[in-house]
Amino acid sequence: MRWTVWLVAGCTVYGCGDSHEGARPDATDQGADASHDAIAVSDGRSGADGAPEAPRPGPRPVSSTPVAQGSLFAAPDGSGSACAEAAPCDLWEAADQASAGEVVFLRGGVYPFNSTLDLDTSGTADAPITFESYPGELAILDGSALDISDPAYLGVPGAFIRLRRFEVRYMPWQGVYISGTDNLLEGLHVHHSGLSGIQIHGGYEPLPYGAAGSRNTIRDCTIHDNSGAGVFDDEFANGGNSDGVSISSGEANRVEHCLVYANSDDGIDTWRSTNSYVGYSISHSNGIADGNGTGIKAGGASPSSGTTVERCLSYSNTHVGLDHNSGLLVEFDHNTTWDNERGYYGGNDTSISASIAGEGAADFGAGLETMNSWQRPGTLSFVSVDPTSPEFLGPTPGGGFEDIGAFAP
Ligand SMILES: [Ca+2]
Ligand SMILES: [Ca+2]
């Protein structure tokens, strides 16, 4: 069968597109999901020989900032301008007052969104501004009262802002939209957005990138069920622009230890960025309606270059597990794919190394391939192909493949 990719690059300010590789079967899933399901992770384990094992893919627990560090407090029913623990204000007031070095605690409960909240005051490297659920509670930013003709989202045009341990759900466009730099998103749960759950897009500034939408880190986040399926315009493209995480421009952004699934387009898409990093993350079951259904896309239109993807699991996506997608100088190292239409797709300058493909269609392309499962003798098998098993996609001991893939020592 001839492998055909046709590029219909389309990009608007909010629905930044990517290559479009044909329609996927419709499997619309917009059902409610209140669970915050993260795959359990145990770091710092030691192997049978006592040597430390590599960290496992997926979110790790994120600890709370001590209450004593809180300087501003918001609550769903907050009012006034004191923003004190005894007299919390609303979220918009707290954001307006926050300045470098402050910690804003959000009391638990639902914060209905009626307008975009832009976090446009910057912290500094030594004194970031933190927004975080109050310890032991969960703040939920909820866009369910909005529709796509009257959108709102959590915007981050500022820099050195830390968003920690809260939920963002049912936003009609993006859930979190980052145009600033040097921000940290940690322990967020983002789901059921109409466009991408988290999008980084600083505009197409002159190269080299760096002034906007750059050096942001997304880690230990769970992002799922973001879908534009059923909306037939250029932005939503019947699901074709709604990724879990979309890095649509910028330099040196990072996705680490995230769990991303059931998004209509791709799981993680570093579409038009430079030197992005995706590591220790899990991407599965992406691809609905006209979405591309790639687990992790490592590029797209020029100037896409230099994306590294390592120690990731990508499985049960409708299209490719890991795809260079025309990005230049992409590196895929120590990844594991399974049950995708195809495991890997590289370009002439893509490096694919020490990786495992569980699919019969392991790879495609003429890249620089070394030490991969399909280049070895023997028959690959996994201890378990049950995603709920702690041994899921672990190579069978003694089978000759334990030294490669996402779980290698
Ligand atoms: Ca797409
Ligand atoms: Ca995409």
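Leaving aside neighbours within four places in sequence, Phe131 is in contact with Val104, Leu106 and Leu163; contact means that the C-beta atoms, placed from the backbone, lie within 7 Å. The model is predicted: local features need pLDDT of at least 70, side-chain atom pairs count only at pLDDT 80 or more, and totals for chains, interfaces and linings use all residues. Residues are numbered from 1 along each chain as its sequence is written, while chains are lettered from A and ligands numbered from 1 in the order in which they are written.

Phe131 sits in strand E5 (residues 129-133). Strands (E, at least two residues) are DSSP runs, numbered from the N terminus. Phe131 is buried, because 27 other C-beta atoms lie within 10 Å; the cut-off for buried is 20 or more. Arg162 is 31 residues from Phe131 in sequence, yet their C-alpha atoms are 6.2 Å apart.

The largest nonpolar core has 85 residues. Such a core is a set of buried Ala, Val, Leu, Ile, Met, Phe, Trp, Tyr and Cys residues joined through C-beta atoms within 7 Å. Strand E2 (residues 103-106) gives the largest share, four residues. Domain 1 (69-158) and domain 2 (173-387 + 403-409) both contribute, so the core lies between them. Domain bounds come from an automatic or database domain assignment. Ala74 is among the residues with the most contacts inside the core. Beyond four places in sequence, Ala74 touches residues including Cys83, Pro88, Val104 and Leu106.

Strands E25 (residues 320-323) and E28 (residues 342-345) pair in parallel over three bridges; pairing requires at least two bridges found by DSSP. Val320 has Arg342 of E28 as its bridge partner. E28 also runs parallel to strand E31 (residues 363-364), joined by two bridges. Here Tyr345 stands opposite Phe364 of E31.

Technical notes. Buried ≥ 20, exposed ≤ 12 C-beta atoms within 10 Å, placed from the backbone. Contact = placed C-beta atoms within 7 Å.
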